[in-house]
Amino acid sequence: MLPLDAWHRARGGRMVEFAGYWMPVQYEGIIAEHTWTRESAGLFDVSHMGQLFISGEGVEAALEAVLPIDLATLKPYGPRYSLLLDENGGVLDDLMVTRWNSGFYLVVNGATKWDDIGHLREHLPDEVTINHLEDSALLALQGPKAFAALERVVTGEYPLAALTFMKGGQFKIDGIDAWISRSGYTGEDGFEISIPAADAERVADLICAQPEVKPIGLGARDSLRLEAGLPLYGHDLSPDTSPIEAGLLFGINKRRRTEGGFPGANRIMREIAEGTARKWVGLVLEGRQAAREGATVHLGADQVGVVTSGGFSPSRGEPIAMAYIASANAAPGTKLEIEVRGKRLAAEVVSTPFVPHRYFRGA
Amino acid sequence: MTRYFTQDHEWIDVDGTSGVVGITDYAQSQLGDITYVDLPAAGSTVKKGDAPCVVDSVKAASDVYSPVSGTITSANDALGDAPETVNTDPEEGGWLFRIDLSDVSELEGLMDKAAYDAYVAEL
């Protein structure tokens, strides 16, 4: 059971099973929670995600052998997006890597964390220790008023304002140690906050007591990340997709693209040079009916792709989807059709994000 | 006019052989925000248990089953611009389609309001 289970139930969260845990899918309603996050600030409990600390002799070289990351350019306390790849370059997981003083802090997906730990244990040398931080909870505070709300309850050696997008640091919330990074999964400005599980209720109560903040469920988390054009592992990414098809070249750091030496490097480097047969792109549908995962995408008589995520966009007031599409038909402006329950719905390829990102990159 | 309910959370108002079908307040509360309703065409025939109508919420698309067999005579076209009416007024203004019943004996297996309320209370 996750540390905030009772807290969600007491606040009226409708609980569903997800990644082996019971989690709130919604409180007052997905559209209301979605809109609140875009306009104010939403608190998400993401304690199901895996928090790992990896340390030991030779940890840098060992991590570079399993991740396509360039740790020489990774400054302390700034998270960076990376990918766990199999030998064929298929995606096993996507994750965040942060350099701490004595090792590396990784945040991985909840549904994949046990497989990730097994994979890392198998591929890292014995001198490298994997510490699963199971006694830590993880919260995300997202939205244009997230900073104002969090600043009020945070103390630290330097002000919270010192954090810009993808920077982090050690702070205190009501005397509780909190690792905070300015990052998230909604496209909005916001923070991710790691705290001891035993203090999670106190911290969640304190943050939700700020007038800008309401708790937000998994339903709006999904619609927000979809509008932001961000992939969800297990749906948009899998061992059957390569990061280059998915447009995640930024997850393969520059030096590694030429040097290789990471799992699947042969395929990844070939795809960077030659392109891929299909691309992960955004689609906007005509009308109001949504297309969901698994719906096929067509150009005339030919199937040219398949939807990996889709739904109604509360911010745009129209259905949107992400799909892998044959590269020849993947340019923005291309008119396609999506088959939903035997009907063909008109759709157009668009550039993503569907809703502009509003990260805080500095005043 | 008599109102009947199904275990799949549809309601049907019946007057002679004319029926009006919608989903219950419990159903809409479970579905959450409704964003689109795919309504059946007038003139189409359905069997009891067919799904002539689909209700799309932010979360998922859900079938609406016909409580009876018959011919669809019209649908609630006002839902095209205002699908959220199914959330706000599911058992009146948010009705979905009208149907001409081909076999009124099919109503015998359905629940009345008291039985449906007891059924929902157990869920």
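A: A term is needed before the contacts: a salt bridge here is a side-chain nitrogen of Lys or Arg within 4 Å of a carboxyl oxygen of Asp or Glu. By that rule A:R341 forms a salt bridge with B:D63, the closest N and O atoms being 2.6 Å apart.

Q: What kind of model is this, and how are things numbered?
A: This is a predicted model, in which local features need pLDDT of at least 70 and side-chain atom pairs count only at pLDDT 80 or more, while totals for chains, interfaces and linings use all residues. Residues are numbered from 1 along each chain as its sequence is written, chains are lettered from A and ligands numbered from 1 in the order in which they are written, and side-chain values use heavy atoms, with hydrogens and water left out.

Q: How many salt bridges are there between chain A and chain B?
A: There are three salt bridges between chain A and chain B, and the count over all chains comes to 31.

Q: And how many residues are in contact on each side?
A: Taking contact as heavy atoms within 4.5 Å, 14 residues of chain A are in contact with 16 residues of chain B. The two chains bury about 1,400 Å² between them, with 46% of it on carbon and sulfur atoms; buried area is the accessible area (1.4 Å probe) that two parts lose on being put together, summed over both.

Q: Which residues of chain A lose the most area to chain B?
A: Those are A:R288, A:R292 and A:R341, which together make up 43% of what the chain A side buries.

Q: What about polar contacts?
A: Between chain A and chain B, 11 residue pairs are in polar contact, both residues being at pLDDT 80 or more. A polar contact is a pair of N or O atoms within 3.5 Å; within protein, one must be able to donate a hydrogen and the other to accept it, and residues adjacent in sequence count only if both atoms are side-chain atoms.

Q: Switching to chain B, what is its pattern along the sequence?
A: Chain B has three helices and nine strands, and read along the sequence they follow β-β-β-α-β-β-β-β-β-α-β-α. Its radius of gyration is 13 Å, close to the 14 Å that the globule rule gives for 123 residues, so chain B is as compact as a globular protein of that length. That radius is taken over C-alpha atoms, and the globule rule is 2.2 Å times the number of residues to the power 0.38.

Q: Back inside chain A, which residue does A:E60 meet in a salt bridge?
A: The side chain of A:E60 meets that of A:R99 (2.6 Å, N to O). A:E60 lies in helix α3 (residues 59-66) of chain A and A:R99 in strand β6 (residues 91-100) of chain A, so the pair ties together parts that are 39 residues apart in sequence.

Q: Where is the cis peptide bond?
A: The peptide bond from A:T352 to A:P353 is cis, with omega near 5 degrees, and A:P353 is placed in the segment after β20 (343-350) of chain A.

Conventions. Helix = DSSP H or I, 4+ residues; strand = E, 2+ residues; numbered from the N terminus.
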